[in-house]
Amino acid sequence: MLRKFEDTYQHKGLRKQLVQQLRDKGISDENVLNAINNIPRHFFLDSAFDKIAYEDRAFPIGEGQTISQPYTVAYQTQLLNVKPNEKVLEIGTGSVYQASVLAEIGARVFTIERQKKLYDKHRNFIFRNKYPNIKFFYGDGFEGLPTYAPFDKVIITAAAPFIPPKLINQMKTGGVMVIPLDEENVQRMLRITKLEDGSLKEEAFEQFSFVPMLQGKND
Ligand code: SAH
């Protein structure tokens with residue numbers, strides 16, 4: 001049966017409450033909050049999650065993967081400080097929710113997924129026409145996208161075992177990477193800025209819990 005996508009007043013109301021919760025938790029970037037207010041998160045989930053899609057939780061999206069918690073998406077996007085037209089490389093397309101938040105802010109998004117089954121679903125992505133500024137790639141995020149480099153921003157949405165050197169190479173001078181880096185079972189959110197002399201400035205933030213960033217493709 002074809003699924004009917006409806007964004008009802010009830011969904012919109014729940015979304016407003018979610019945005020308020022994110023504010024209460026310290027998210028203050030109005031571009032990020034607006035994007036979350038505008039995007040029907042329930043469209044990114046199986047219809048079984050319709051009633052709970054606006055709880056501040058991660059949910060399964062198949063293939064053992066998850067859509068990140070809204071707080072995590074907001075937190076990473078705020079740290080990234082995205083401006084319209086910036087080129088952003090995302091590792092871990094998953095449900096396309098994070099990519100949509102970036103696209104809603106006006107970024108040109110290049111997103112990579114290593115799971116073929118998830119990547120194949122992206123062909124039917126409901127907002128393909130609304131967000132022509134999202135480009136989908138099937139591949140290993142550790143390799144990045146040398147053809148499309150350099151990028152203004154890089155966002156990694158899986159638990160990284162180390163800082164991928166090829167992704168650092170693919171950043172512009174002044175470019176920023178937001179990466180959850182492994183720290184014994186949890187990840188520390190880092191913001192890495194590539195300075196004029198090529199050295200890296202590292203800032204450390206809160207701890208989060210992500211699914212692992214894995215090497216190679218999975219078809
Ligand atoms: N940004 C996603 C979060 C998905 S969870 C969202 O908004 O829904 C993390 C995703 O990263 C998973 O889909 C997983 O398959 C993918 N992933 C893990 N390692 C990867 C790699 N090396 N390259 C590309 N994608 C990867």
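Buried means under 20% relative accessible area, exposed means over 50%, and partly exposed lies in between (1.4 Å probe, protein chains only). Helices (H or I, at least four residues) and strands (E, at least two) are DSSP runs, numbered from the N terminus. The structure is a predicted model, in which local features need pLDDT of at least 70, side-chain atom pairs count only at pLDDT 80 or more, and totals for chains, interfaces and linings use all residues. Residues are numbered from 1 along each chain as its sequence is written, and side-chain values use heavy atoms, with hydrogens and water left out.

**View 1. Helix H1 has a buried side and an exposed side.** H1 runs over residues 9-24, which makes 16 residues. From its first C-alpha to its last it reaches 23 Å, close to the 22 Å expected at 1.5 Å a residue (the expected span is 1.5 Å times one less than the number of residues). His-11, Arg-15, Leu-18, Val-19 and Leu-22 are buried. They lie on the same side of H1 because they cover an arc of only 100° around the axis (the arc is that of the directions from the helix axis to the C-beta atoms). Tyr-9, Gln-10, Lys-16, Gln-17 and Asp-24, on the other side, are exposed. The cover over the buried residues includes helix H2 (30-38) and helix H3 (70-80). After H1 comes Gly-26, with a positive phi near 110°.

**View 2. Leu-22 is a buried residue of helix H1.** Its relative accessible area is 0%. Contact here means heavy atoms within 4.5 Å. Not counting residues up to four places away in sequence, Leu-22 touches Ile-27, Leu-33, Ile-36, Asp-56, Pro-70, Tyr-71 and Ala-74. Tyr-71 is 49 residues from Leu-22 in sequence, yet the two are 6.2 Å apart in space, C-alpha to C-alpha.

**View 3. Helix H3 is largely enclosed by the rest of the structure.** This is so because 10 of its 11 residues are buried. Among them are Pro-70, Tyr-71, Ala-74, Thr-77 and Leu-80. Just after H3 comes Asn-81, in the loop between H3 and strand S3 (87-91). Asn-81 has a positive phi of about 50° although it is not a glycine. With a relative accessible area of 39%, Asn-81 is partly exposed.

**View 4. The largest cavity holds about 40 Å³ of space.** Rolling a probe the size of a water molecule over the atoms shows where empty space is left. On a 1 Å grid over the protein atoms alone, a cavity is a set of points where a 1.4 Å probe fits but cannot get out, and lining residues have an atom within 4 Å of a point. Grid points are joined across faces, edges and corners, and a volume is the space filled by probe spheres set on the points. The count is 1 cavity of 30 Å³ or more. Its lining consists of Asp-29, Asn-31, Val-32, Thr-77, Asn-81, Val-82 and Ile-105.

**View 5. The peptide bond from Ala-149 to Pro-150 is cis.** Its omega is near 0°. Pro-150 sits in the loop between strand S5 (134-138) and strand S6 (151-156).

**View 6. Glu-184 has a positive phi although it is not a glycine.** The value is about 45°. Glu-184 is in the loop between strand S7 (171-183) and strand S8 (186-194). Its relative accessible area is 76%, so Glu-184 is exposed.

Key. On a 1 Å grid over the protein atoms alone, a cavity is a set of points where a 1.4 Å probe fits but cannot get out, and a pocket is an open set with protein on both sides within 12 Å along at least five of seven lines; lining residues have an atom within 4 Å of a point.
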